[in-house]
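Let's take a walk through this structure together.

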Amino acid sequence: MGLLLALASACVPAFAEDWVYRVRPGDTLWDLGGAYLKPGIDWHRLQQHNRIADPYRLAPGSRLRIPLTWLRQQPAQARVVALVGQATAITSGGTQRPVSEGMELGAGSRLLTALGASLSLQFADGSRLRLRESSELVLDRLTRYGRTGMVDTRVRLQRGRINNEVRRLRGPGDQFIVDTPTASSAVRGTRFRIHTGEQGTRAEVLDGRVAVTAGQRATLLKPGFGTRAQAGGSDRLEPVALLPAPDLSSIAVEQDSVRPQFSWPAVAGASGYRVLISRHPDFAALIADLAATGPSAGAPALEPGQYHLRVSAIDAEGLEGRDADVAFRIEGRPVPPYAVAPSAGSLVRQDRPALRWTQAPEAHRYRYEVADNPEFRDPVAQGGDVRGEAITVAKPLAPGAYYWRVGSIDAQGKKGPFGDAIEFTVRPLDPIDDIDLDKDGARAGGITFHWRAGQPGQRYRFQMSRSPSFERLGVDEVVDQPEITLAKLAGGTWYLRAQAIDSDGEVGEFAPAQKVKLPCRLCRVGAGAGALLILLSL
């Protein structure tokens, strides 16, 4: 507690228990006593405390000291000024009700936010606290000192995250304290974040100073520093420099998708990133609160309008660094069509897939993109002047995962946002149209045919028949490798073909049959294996 006292003494007048009032023209001790003193505290005591000879003639600009214990104290309220999602308030009497904007809460109230929810509280002095998703906060003390402007605020964060913007305090009675199960943080005008959970408490200061105590340990955090406090941890709370703000200058002001994808240069030392999206420039309530493992993140579906993006880097200890903010806009018209095919998660057997979508209102033409990444960096296929509701990709796509999206263009050429990105996989079952005899002709165990391998995990069905219609099969086998060895194969003319079988059981098409003429067994004996006559045709 010594550090807390040191911080307090550095921020208040020499008389630590007195509030100082600067006298204005026309003030009298009678009037000031009625305005500021508790019932039962006579203005004469104020005269004696300040050694004033004439209580009716106070010099304008002079300083009048009033002990804190003499000041009027009134219960204060915290008001909900912004809300996204669902939150619950439980009063000190145990009454439970859903939170709504404009709701006022007194001391003893408990707030719980659901997953994806957030809210902002404003206190009597204008300070604000944003409670993040899946959090629990108790308003332990909400007191105001009459007309002095001083407030005594103490909250308890049981779990979750809060962001705080505390106004510069006005006197010794002013205080804003955040308690957690493992630490206590006292501030005197600052912007800071607190997170508490099973791993302890993390505090990060963006502006001003915060005194953090945990048991017998204490530290004073300056702007750009944070610390971690764990029960039973080390004897010291070490201040740690926060990571710098990411560079968001490459984020486009006009986003061309209702689910925009954001990316930025990596921050050295970052193990992840915190990504916030809000309609409020002060991030009073959040539409999205995302944790990203790398320097990119995808937003949920957003309605047309103006938004604000905030990103901070997270270090290996879990401390969030300085914030970077940027505004962006979703232009909603003309609205995008609905994607039809390929559908989400589908397998496409052709390397030149056909893209299909519904007709969209106001659409005169369409634009599309296909990429191998959800951010659509360097699309592998795209078009900006498609008439109709379908297009076939012009160039073959290599096997793998892809994303596609489509947007509308109106008659005046205005481009609307792209619709949702649809993921699909290209895994072709190409016809096997080139079956070769093993280069050694015939092996000791028989004759071997081989062909080009398909995708990993695929099997193959090989057939031979005396008839080009394959009405009667002489050979019909499924093999795991792109080859087959046949023993005791009679001479003469044969027709052969093969097809791919994917790992999910999907069967490819047969290519046109190939024709092979094998010498009779007696000829083979006389001429040797090297004299096999192979004719491939059709």
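What follows is a short tour of a predicted model, taken region by region.

Let's start on the inside. As a general point, nonpolar side chains in soluble globular proteins tend to be buried together. Here, the largest nonpolar core has 37 residues, and the members that touch the most others are Val99, Leu121, Phe123, Leu129, Leu139 and Phe192. Strand β12, covering residues 151-166, gives the most to this core, with four residues. There is also a second, separate core of 22 residues, with Leu243, Ile251, Ala297 and Val311 among them.

Setting aside residues up to four places away in sequence, its contacts include Leu119, Leu121, Phe123, Leu137, Val155, Ile162 and Phe176. Leu129 also touches Ser120, Asn163 and Asn164.

## A buried serine

Is serine 185 buried or exposed? Serine 185 counts as buried, because its relative accessibility is 2%, and the cut-off for buried is under 20%. You'll find serine 185 in strand β14, residues 184-187. Beyond its neighbours within four places in sequence, serine 185 is in contact with Phe176, Ile177, Val178, Ile194, Val210, Ala211 and Val212.

## One side of a helix

Now for helix α3, residues 43-50, whose buried residues are Trp43, Leu46, Gln47 and Asn50. These residues cover an arc of only 100 degrees around the axis, so they sit on the same side of α3. Among the elements covering them are α2 (29-36) and β2 (63-67).

## An open sheet

Next up is an open sheet of five strands with mixed pairing, in the order β21-β27-β26-β23-β24. Which strands stand at the edges? They are β21 (254-255) and β24 (288-292); each has a single partner strand, so one side of each is left without a neighbour in the sheet.

The partner of β24 is β23 (residues 272-278), and the two pair in the antiparallel sense over five bridges. Within this pairing, leucine 276 stands opposite aspartate 289 in β24.

## A loop valine

Last stop: valine 335, in the loop between β27 (324-330) and β28 (339-341). Valine 335 has a relative accessible area of 28%, which means it counts as partly exposed. Leaving out residues up to four places away in sequence, valine 335 touches Ala360, Pro361 and Ser408.

Leucine 112 lies 223 residues from valine 335 along the chain, and the C-alpha atoms of the two are separated by 37 Å.

Notes:
Residues numbered from 1 in each chain as written. Predicted model: local features only at pLDDT ≥ 70, side-chain atom pairs only at ≥ 80, totals over all residues. Heavy atoms only, no water. Core = buried A, V, L, I, M, F, W, Y, C linked by side-chain atoms within 4.5 Å. Buried < 20%, exposed > 50% of the residue type's maximum accessible area, 1.4 Å probe, protein only. Contact = heavy atoms within 4.5 Å. Pairing = 2+ DSSP bridges. Arc of directions from axis to C-beta.
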